[in-house]
Each structure stands twice: as structure tokens, then as C-alpha cells.
Amino acid sequence: MSMSAVIPQPVERENYLNTKYGVWSWLLTTDHKRIALLYLLSITFFFFIGGFFALLIRLELLTPAGDLVQADTYNKLFTMHGMVMVFFFLIPSIPAVLGNFLVPLMIGAKDLAFPRVNLLSWYLYIIGGVMMMHCMLTGGVDTGWTFYAPFSTNFTNTKIVEAGLAIFVAGFSSILTGLNFVVTIHRMRAPGMTWSRLPLFIWAHYATSIIQLLGTPVVAVTIVLVAAERALHLGIFDPKLGGDPLLFQHLFWFYSHPAVYIMILPSMGVVTEIIACFSRKRIFGYHFVAFSSIAIAVFGFLVWAHHMFVAGISVYSALVFSFLSYAVALPSAIKVFNWTATLYKGSIHYDAPMLYAFGFLGLFTIGGLTGLFLSALGIDVHVTDTYFVVAHFHYIMVGGAVMGYLGGMHFWWPKISGRLYPEGWARLAALIVFIGFNLTFFPQFILGYMGMPRRYYDYSHMPEFQILNVLSTAGATVLGVGYLLPMVYFLWSMRYGKPASDNPWNAAGLEWKTASPPPTFNFDEEPVVTWEAYNYEELDAPHPQKEEVPVAR
Amino acid sequence: MPDSTLVGLQHEEEHHPELLHHFADAQQQRDASSLGMWVFLATEVMFFGGMFCAYLVYRRWYFGDFGAASKSIDATLGATNTAVLICSSLTVVLAVWAAQTARRTLLIGSLILTMLLGLAFLGIKGKEYKDKFEEHHVPGASFSFENVPIPGHPGEYANPRHAQIFFSLYFVMTGLHALHMIIGLGIFTWLLALAWKGRFTPEYHTPVEIGGLYWHFVDIVWIYLFPLLYLIDRHP
Amino acid sequence: MAARVDALYIFLLIVTGMMALLVFTLLIFFAARYRHRPGVRAEQVEGSTALEITWSTIPFLVFMAIFAWGAVVFFKERTPPADATEVYVVAKQWMWKLEHAEGQREINELHVPVGRDVKLIMTSQDVIHSFYIPAFRIKQDVLPGRYTVEWFRATKPGVYHLFCAEYCGTQHSGMVGSIVVLEPAQYQAWMNSGSTGPLSASGEKVFAELGCSTCHRSDMPGRGPNLHGVFGKPVQLADGRTVTADENYLRESILDPGSKRVKGFQPVMPTFQGLVSEEQVNALVAYIKSISEAKAGAGTSARLGVAVEKRPPDKKDEPRAMQARAQASGNQVQVQRP
């Protein structure tokens, strides 16, 4: 890393970035921090691919007629948008970037339990990604990311098997990441790092990993069955051959519902860390938040058929799943209350990570509350398969997960890169994202209740839907700008940003007790933990030997 | 920094060639490897679980047809395969014990025997698949299952479409199981190579243990597959 | 029924609105009130089990209330009255085919009298679709290989949207229609109505109703050949032959589309055998002739022995006449018993 000539620097310490140069030192690395950056590059790439598809979708929906792209093209656009965003951006995002980077640091370990498996995990992701890109470039898929049978098995000629295999391979990437985290958290905590002293970020990733491990294999086998059915003309899901299309849905959603918790739990972990740091307080109700994460993971496996209330399941099944869906909403609500209570009597700073956390709190709350609508059977009949659902899940996944991801990237950027990002631009970006997001997705709740179905490229029979669609598209452009900004200034900061100290935020957590960026083996000496998590009282205590005041600027 | 016996590396372990740098000590490495394999096996349970689920649903719906289809696959071959796999699990246990007690010859012999038994399993499976192919029980264009009586229901015949689902599941489930066996053979080849080079000692034989765990798991999956696929609705 | 759903919706809006208001107010208040001030330190508040229990229990009770109300509404939605009139629905890519118990058949439209319980018994010919009437707040997936059921009672006359709400392929967005709710007297009239207007105008109507225009587009390439100007011209077939698009060819294409498939198109056109009456086929043929440029079709058709009627002066280009015709025939669908 080059030095700025303006600020005189001491001799640069060896860290994980400058310890070795050259492409192969990166492509064959087993350092969890380098692997995290490899993931960062790859998922950012896929984020913009998926975002590009979203842009085209929203452009098409500016007018009621299907006049931008053909029907088949549009169907491929929303399918690829979903598949890329879910499997190649959201599922890996926080665990593969921030999790990989921080889990060993936070627990005081030198690396994850299986560093070579970690590298393999990235290569599997890349292989899956290349297969998906190839699939898209040679025609793509038009089934929707949910690839329901019998449409996907018997009624489309697009490249289902290839896309399925890409997801299968990427799924193993996810499984191995989860495996690594579970074993690492169980077996490699530093002396004194008891379960109750773990940062809640770790609890969140632990819960996420359980879901990744137990859920992903089921979608893997579902993909195998679909591929087998297509290739060998089996009849497992084909009614004409005695099969049942609903069985597909059960198998699919058994993974895909917990998958959404894979996407949100890590983000909740990030937000917890940020709120604690920028309120200068221990999280309110530490144990409740920790166990809520586990509860979400467990209950998350019990609610899958709430995606199928009108699919043809029995009334009694529907009742059970509706009830359980309310049960799974409860731990999330508890977390929101605990985060809010953490602010009470805190000392709150409005740095960019905290702005993202606030944004998360607002948007996740709205998204979660609209989940209550969807869990209500009588309402769901009306709004399922409409834009109401689209709005709901984007509030959680984008308003929740992506905000958390961006907040986390800002919070830990000094640790990862050794540089500070420009705070003014970061706050502006947070604001733009928040405004753009609401403008994009709030109108969609209304569209949904009015009856606009999903996956329609032409709504010329319902021109009354246009104005809300126009608002939504306008919001999407604003949102796009908001996402581009961090790309630009993070890159800028790597060369021109102010060098960061070990702990620019004066935050709690073992990761802040080592250099920014950390050395390859994380700590010069193995830490021994004798304090509780979130010891902000100690950190903020007036202390003659303390190094510097809070806040990096 | 308070002294902690957990932290200090024992001198001999510090130089143990098999200790990876990021572990504090050999015990931690062993524990991590072991937990890792158990967790991986949990994912495999879920993987096969999805298919068992599909099987159970259709078995309930098409009770008689599944019975008829099951009767048409060779339970003797299936039982032989079960015996073969159980024996191979025995040889795996022997291999682990041999590694633990520094019996290199027994270790190598047990590994080879395990692999031979695994190959035998695959061979018998191949014969079964061949039989099914010849009887036109492979799902697809040439599938045929006409006039096959439903066991216990004289005068009733199985619905070919429903029987075809049985065979679809049969091939997918045993096929994936066989794939896991082949991977197991690959793992054991690697173990054999390491054992030949003398890499395993009583202090370090983790790969043998976790390879053995994997093999036992593949065996257990078969223990479930066998009765569900071969032994339903068998009447004297 | 819709009113019941809306009542629950409004209840939910109020409840979630209150929850959101509470959380947001606290967030904003705390963010402002406890803003960092130099010299003022945060006060560590460990937690409060009492508070945790409270804010777990109260939401849980609220959730249970919502669940119960939703379940009750759902029960009613899923329990058709015993004496409801039955209408059979067959969904296919990409149209709705409906058959009343009294025998009328409709495509993409469903006429019902106000105030009567109507039960839809539905199945799909191909993939999963979903029969969605937003105005009535009902939706039910339509599956291949089995029947699913939904029911409603319309309370106000009018025309309401019908959408397919389960993605089903290329023309998923085109699989829309109308529920036409009539006063009992009007409904009676509809059941007994005959045809009006020139054949080609009826044909144009049938062409639209049968969903032909979803595939046979004239504005852009579609799944079927553009039919403008096709009559009387030679047609290249997929099997290599060339035929002339005369009346027989048109008729055959409607009733047995696979036999003379046009080159360059997939064999996806469904057969309308049994779904169109002879009068309707004639009307369609007349319409397709009327949109062709080959006005001098006499020679071609004479060779094939089909009588050619002298085409009447083409009034359909007059906008006002067209509107009047559309309005007149709007509520009187020509549906013949096959």
C-alpha cells in the first residue's frame, strides 16, 4: 500500500495486505482476511449485475404496455435478478465478507478452523458464479427464482439445469462457510472468551451458520430432483406421471424460507455492534438478543408453508403455519425493542455506520410489520403473489440486510483497509439510500393491495397502476446513485484516505485491539479475555493512559 | 498477562509436523476436525432427508403400487449389499484402532479391505441397475410396468405411473448413495497413500478417524434405504 | 367477503401503525435526547427481565388476536356455501376457459348475477396458474392434475379485473380477464342472447375473447404468425410444404393447429375443437379475411372450391361506428352452445 506524501508516516508495519504481493498470493491465500476481500470483490460484481437487471425491470414498468423488452426477456430479467441477488449476493454478503474477516478476530483466534476449506468455499462460489454468468449470457432462465414445477420441469426450454447446477455449487460454498463458522466458534475461542462474552455479531453468525448447514442441502437435493426430472423425464413433480407439484414447493420453501433468515440474521448482528458502539453502551438485554437469534434460526425452519397459503394446502395446514409465522415474528420484535432500549441514556454519535443502523431500524420494522399482514391468512389470500409481497421482502432484504451490510462495511472499513472513508460523503450516501429505498418500495405496498400481480411486464389492462410504478422507478434511480457512492469513495479512500489507528471508534471487541489493518495472524500475542462484552463503561472512563478520544476524525 | 495453561504449547507439540499454525495445540486441532466432520454429516442427513421425505409422501399415497414395485427389486442382492457394508464398517473400525495402536500393517490391510468391500457393493449395485434396465424398469420412454399384481391384493394391478415414481426415487436415492460411496473410495485411497507413507501415529491419525466417520455415515444411509426400498410389503 | 378482508386490513394497519409509531417515536426521541454531548457519558443499563417479558407478552397477544381474526376470515373464504352455483374453470397458458353449470362457455370472462353464490371448480391443463379477483379479495392457485375451489358472492354490478397471479410463462401478464356482474334481469338476457352485427365484427370480438391476440400479434413478433394480410397468400409450413391461406386452411388451423404448422413457429397453439361453434369459426374466418390486403381473393378461393362472399363495404374503419358496435356488443357476448 502506498503512502501519502503529505502526512509523515512511521515505517509501515507488516499486515495482511502488504505481507505478500502478487496475484497468486491472493488466489492461493488461506488467510481469512484475504478471502474476505476476494469475496468482497465477487459479491460486489454480482450486486451490480443483479442491480442492472432490476434497473431494466423498473424501466419496463414505467409504462403500462410491455414496450421496452419482450415478454420472454422480461421473464428472464426478473428471474435472473432474483437468482443473482439471492444466491450470489445476499446469502454470501455479510457472512462471507464481514463474517470471514471478523469471526476469528472477534473471538481471538488466528484464523478460522479450516482455512483451506474457506478458500475452497470461495472457489466454489466463483465456479457457481461463472456457471451462472454463462447461463445468463447464453439465454438465461425464465422460471422466476422460485422455479416452480411443473413449469420448470416440463414447460420451459431455458437453461434450468445449468442455472440449477450453478446454484447447487454456490450452495456448497454457503454450507462450507457455515461449517467453518460453527466449528471455529465452538473450538477456537481465546481463553476467557466464554459464550456470554461473545459479541452478538458472533451469536448472529452462529445462528446463521446453523441455518446454512441444515437448510441448504435440502434445496440442493430439490435442484437435483428437478434436474433429474428434466433430463430423465421422471415424474416426481409431474401430475401427468403421478407426481405432485406441491411437493416441489414444500421442498423448495423448506430451504428458501430459512434462507431469508440467513440473509437477515448477520445484518442484525452488525447492527447490534454498531448501535452498542455509537451509543457507547452495552446492548440492552444481551442474553435475550442472543437467544432471539437462535430462536429465529429454529422457528425459521417451521414456517415454510406460509408461502403456500393459496397453493392448495389444506385449511388446517395453513392454520398451523400461520400460527408459527407469528411465533417467528416475536424474536425479531424483541430485538427491535432491545436495540431501541439500548439508545436510552446512551451517548449517541451520528457517524455513517449509525445512520445505516437507524435506517435499518426503520426499514426493518416496517418490513417486519408487513410480515404480520402476510401471516394473517385472510389478508394473505388477497396480497400474496402481488407487489405487496415484493415490497415486504425488499424492505427486509434491502432495507434490512443491505443497510446492515453497508453499515458494517463503513464501521469496519478502517480495520479492513487501514484507512478512513470520507465521513461527509458517507452520511450523504446513507441518506440517499434511505430516501431512494422508501420511494422505490413503499408505493409497491399500495400497488399490491390494489391488486397488481407480481411478474407482470405489461399492465396495460390496469393503467391506474402507472403513477405508483413511475414513483417506484424514480426511487430506484435515486437508490442506484446511493449504492454507487460508497463504491467510489471506498476505492478513493484506499489511496487517499486518512490512515486509521487501531481503534478509531474506541469500540469494544477484540478486533479493535489489534492493528488496522491486522497482521496476518491477527494478534501479536494470543489475547486472554477477562472482561465482559461491550465494556463501554471501561472504554469511556477517563483514563490517563488512554490513547485517544472517540471518533476517528 | 495472566498465565494460562490453556495457552502454552507443549514443546513437542510445537514441533509436531502435523499441527497447523492457526491452532493453539493438537487437542484443539483434533477437536475442530472431529466437530467439523460431525457437522458435515449433519448436512448430509438433511441432503438425503429431502429425498426420504419425498419417498415417504409417495409411499403413503401410492401404497400398493410402491409395494408392487418394491417386490420387483432383488432383496437378496440388497441384503448382500447390506452385509457387505456392515462388514466394511467393521474393517473401518479396525483401521481406526490400528492407527490408534500403531499397527501399520493392520491399518493398511483394513483400509484395503474396506475399499474392496466398497467396490463389491458398487459391483452388486451395478448388477441390480443392469437388471432393472433389462426389465424396463428404468423411468423414461421405455418404462414398462404392466400387469404387476399388488402384494396382498389379489386381482389388483399396480398403476405404472405410480410405480414409475418409485423407480425414479429408487434410482435417484441409490444413485446419490453410490456417488457418496465413490467419493468415500476416493477418500480412502488418499488415506491409504498417507498410511503407506507412515504419516499416521497414535498422536496423529485424525484423517483416519474422520474418514471412518464419513464411511459409517454412508453405511447408515444404506441401512435406512434398504428396508424402505427393498423390504416393504413383502408377504411370505 | 371483501369487506371482511378490508376490515382485518384496516385493523392491521392501525395496530402495526401504532407499533411503528411507538418504535419510531422512541427512536427519534432517544436519538435526539441522548445525543452525544461533550462531558456527558452514557449510563450503562444492563437490561430488565420485566421489560423483556412485557414486550414479549403484549406483542404475542396482539399477534394471536391477528392470527385468530385472519383464521376466521380464511375459514369463511375456504368454505363455499352448499348451494352455490358451480362454474368450471380450466386454466391454460395463457387464457381462462370457463363453463357455467347451465352450459354457457366463456373465455377470459365470467358473467355472474349479483347476489348469487358462485363456486369455481378449477384445474389447469398445464402449469400452475392462480385465479385472482382483487376486487373480491380472493385468490386460489389452479393446479394441474387436481381441482381447487374458490367461491364468492358479488354484491355490486360492474366489471372487475381477473388476473392470473401465479407466474406461468411468456404471457402471464396477458392472462387477464373480467368478471362481469350483472343485475339478475340482465344476466338472464345475457344467457339468452344471440349475435349482433356483421360476422367479421363478431369475429373480431371472438378473436379477442378467445385470446388469439395474445399470440397472433400485429404490433410485434409473437408466438403465432401475424394474421394481418395472411388470407389468400401462400404459407410456408414447417414440414416443407407450401399452402395457400384460404378459408379451409384458416378453419383447420383453428381446430387442428398441429396439422399445418407454419414454419418458424413452435407447436404451441391449442386446439379450439369443441370450444368454438361453427358460427364462431365462420366469424373468425370472416374477420381474418377482413384484415387482409388480398381483397381480390376470388381466384384463389374458386380454385379450391370455396364460395367467396362479396365483402360488404368496410364500415369497421369508422371510429364512431366501431365504438358504437363495441358498446352495443359489450354486454351481449355472442356465446353459442357448441
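**Notebook: helix packing, chain contacts and a sheet**

I started with two helices of chain A and noted that H3(A) and H7(A) cross in the left-handed sense. I keep in mind that this is a predicted model.

**Entry 1. The helix pair in chain A**

I looked up the geometry next. Helix H3 of chain A covers residues 71-90, and its axis comes within 10 Å of the axis of H7(A). The two axes cross at roughly 20 degrees. Angles under 35 degrees count as roughly parallel, so H3(A) is roughly parallel to H7(A).

Which residues make the contact? From H3(A) I listed Met83(A), Phe87(A) and Phe88(A). From H7(A) I listed Ala163(A), Ile167(A) and Ala170(A). I then sorted the residues of this contact by class: six are nonpolar, no residue is polar and no residue is charged.

**Entry 2. Which chains touch**

I went through the chains in pairs. Two pairs of chains are in contact, and chains A and C share the most contacts. Chain B and chain C do not touch. I find their nearest C-alpha atoms 13 Å apart.

**Entry 3. Chain A against chain B**

How many residues of each chain take part here? I get 35 residues of chain A in contact with 30 residues of chain B. H8(A) provides the largest share, 10 residues. By class, I wrote down 24 nonpolar, six polar and five charged residues for the side of chain A that touches chain B.

**Entry 4. Chain A against chain C**

I turned to the contact between chains A and C. Chain C puts in 68 residues and chain A puts in 72 residues. I checked which elements of chain C supply at least two residues each. They are helix H1 (2-33), helix H2 (49-77), strand E6 (129-133), strand E7 (138-142) and strand E9 (158-164). H2(C) gives the largest share, 15 residues. I sorted the side of chain C that touches chain A into 39 nonpolar, 17 polar and 12 charged residues.

**Entry 5. The sheet in chain C**

Some of those strands belong to a sheet, and I traced it. Five strands of chain C form an open sheet, ordered E4-E10-E9-E6-E7, with mixed pairing. Which strands lie at the edges? I find E4 (109-113) and E7 of chain C there, each pairing on one side only. From one strand to the next the twist averages 20 degrees.

E6(C) and E7(C) run antiparallel and are joined over five bridges. Within it, Ser130(C) stands opposite Asp141(C) of E7(C).

Which helix packs on the sheet? I noted helix H3 of chain C, residues 184-192. H3(C) touches E4 and strand E10 (176-182) of chain C. The direction of H3(C) makes about 130 degrees with that of E4(C).

**Entry 6. Chain B by itself**

Last, I took up chain B. I count seven helices and zero strands. Its pattern along the sequence reads α-α-α-α-α-α-α. I then compared its radius of gyration with the rule for a compact globule of 236 residues. The rule gives near 18 Å, but chain B has 23 Å. Along the principal axes, the C-alpha trace of chain B spans about 80 × 40 × 35 Å.

How values were computed:
Residues are numbered from 1 along each chain as its sequence is written. Chains are lettered from A and ligands numbered from 1 in the order in which they are written. This is a predicted model: local features need pLDDT of at least 70, side-chain atom pairs count only at pLDDT 80 or more; totals for chains, interfaces and linings use all residues. Two residues are in contact if their C-beta atoms, placed from the backbone, lie within 7 Å. Helices (H or I, at least four residues) and strands (E, at least two) are DSSP runs, numbered from the N terminus. Ala, Val, Leu, Ile, Met, Phe, Trp, Tyr, Cys and Pro count as nonpolar, Asp, Glu, Lys and Arg as charged, and the others, Gly among them, as polar. Two strands pair if DSSP finds at least two bridges between them. Axes are lines fitted to C-alpha atoms, for helices over the stretch in contact, and angles run from 0 to 180 degrees between N-to-C directions. Angles under 35 degrees count as roughly parallel, over 145 as roughly antiparallel, 65 to 115 as roughly perpendicular and the rest as oblique. A crossing is left-handed if the near helix is turned anticlockwise from the far one by less than a right angle, and right-handed if clockwise. The radius of gyration is taken over C-alpha atoms; the globule rule is 2.2 Å times the number of residues to the power 0.38.
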